Amino acid sequence: MDTTSTRLPGIPNFRDIGGHLTRDGWRVRTGLLYRSVALSRADAADLERLADLGIDTVFDLRTGMERDRNPDRLPTGSALVALDVLADSGEADPTAVFALMQDPPRASAEMANGGTDRFYLATYRDMIRLPSARAAYRQLYLELAGRDGGAALVHFTTGKDRTGWAVAALLLWLGVRADAVMREYLLSDAEVRLAFKPAIDDFVARGGDRQVFEPLMGVRPSYLDAAIDTMHAEYASVEAYFGDGLGLDAATLVALRLRFLERA
């Protein structure tokens with residue numbers, strides 16, 4: 001099965017993160033880690049497909065409020081691991097933005113004149129600096145390294161930002177070229193915009209400015225660059241980020257590499 005092209009109606013932005021080549025001649029294994037939006041709208045057929053792919057663990061990077069508002073539906077027999085990346089956030093709190101979007105005129109005023117870009121740039125920097133982010137990503141990679149079998153899925157609400165960094169950081173650390181990592185990250189743009197078109201249309205119908213809402217549903221190279229630049233400023237390299245920033249020891253890093261890489 002070509003899992004990279006799997007389409008699940010209730011789970012947009014779903015894809016396998018594997019298949020990428022590294023600079024030193026290895027390939028990221030497929031069938032181990034998938035990414036997507038939240039599973040709150042997954043139907044029975046979607047969940048059956050997830051089970052068929054061997055997904056037995058779902059890592060949810062959302063805040064507690066996001067999880068309570070739209071709880072995941074899980075494949076039979078799978079475990080949920082909640083990892084609140086932005087628990088320590090303030091200005092970049094995503095729940096505040098979603099609440100703001102319920103008042104379209106106010107949202108249009110507050111997020112105009114570059115407000116959306118400022119929000120996302122702050123969020124991506126927070127994903128490197130916040131203690132809650134370091135703890136969440138540390139736990140994610142620890143658990144991925146320690147798995148004996150089966151596949152996992154990582155997501156948050158739209159599957160593009162917190163999930164985007166989880167995947168981008170892992171691929172960079174595994175040695176995938178930065179341009180390939182950026183292309184993988186940008187795949188979420190069209191996927192999420194299409195999935196959330198009804199929400200965008202509703203926002204506009206209630207008096208909101210389309211140019212304010214649409215950027216919230218997309219991704220831009222500058223956002224991922226902000227996280228990478230912050231990582232380099234704080235830790236100098238992706239290797240130091242995984243070791244010093246996330247506190248992953250040598251044995252864990254070896255296990256993570258062995259699990260995810262195969263000879264091309």
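Tutor: Helices (H or I, at least four residues) and strands (E, at least two) are DSSP runs, numbered from the N terminus. This is a predicted model, in which local features need pLDDT of at least 70 and side-chain atom pairs count only at pLDDT 80 or more, while totals for chains, interfaces and linings use all residues. Residues are numbered from 1 along each chain as its sequence is written, and side-chain values use heavy atoms, with hydrogens and water left out.

Student: Where is the place of N13?

Tutor: N13 lies in the segment before β1 (15–16). Its phi is positive, about 60 degrees, although N13 is not a glycine.

Student: Is N13 buried or exposed?

Tutor: Buried means under 20% relative accessible area, exposed over 50%, and partly exposed in between (1.4 Å probe, protein chains only). N13 has 1% relative accessibility and therefore counts as buried. A236, in the loop between α11 and α12, has a positive phi of about 80 degrees although it is not a glycine. A236 has a relative accessible area of 60%, so it is exposed.

Student: With which residues is E184 in contact, leaving aside its neighbours within four places in sequence?

Tutor: Contact means heavy atoms within 4.5 Å. With those neighbours left aside, E184 is in contact with R15, H20, R35, V167 and L171. E184 belongs to helix α8 (residues 178–195), and it counts as buried because its relative accessibility is 4%.

Student: In which helix is L140 found?

Tutor: L140 is part of helix α6. Its relative accessibility is 2%, so L140 counts as buried. Apart from its neighbours within four places in sequence, L140 is in contact with F59, L83, V154 and A166. L140 and A166 are 26 residues apart along the chain, and 8.4 Å separates their C-alpha atoms.

Student: At roughly what angle do the axes of helix α5 and helix α11 cross?

Tutor: Axes are lines fitted to C-alpha atoms, for helices over the stretch in contact, and angles run from 0 to 180 degrees between N-to-C directions. The axes of α5 (residues 115–129) and α11 (residues 221–235) cross at roughly 35 degrees and come within 8 Å. Among the residues that meet there are Y120, L121 and Y124 in α5, and Y223, L224 and Y235 in α11.

Student: How many aromatic pairs does a search of the whole structure find?

Tutor: Rings of Phe, Tyr and Trp (its six-membered ring) pair if their centres lie within 6.5 Å; planes under 30 degrees apart count as stacked, over 60 as edge-to-face and the rest as tilted. The search finds 10 aromatic pairs. F119 and Y120 form an edge-to-face pair, because their planes stand at 70 degrees, with ring centres 5.1 Å apart. Both of these residues are buried. The pair of Y235 and Y241 is tilted, with 5.8 Å from centre to centre and 55 degrees between the planes. Y235 and Y241 are buried too.

Student: Which residues do ring pairs link into a cluster?

Tutor: The cluster joins Y141, W165, W173, Y235, Y241 and F242.

Student: Which residues of helix α12 are buried?

Tutor: In α12 (residues 238–245), the buried residues are V238, A240, Y241, F242 and G245. Their cover includes α5, α6 (131–145), α7 (162–174), α11 and α13 (250–260). Just after α12, G247 takes a positive phi of about 70 degrees.
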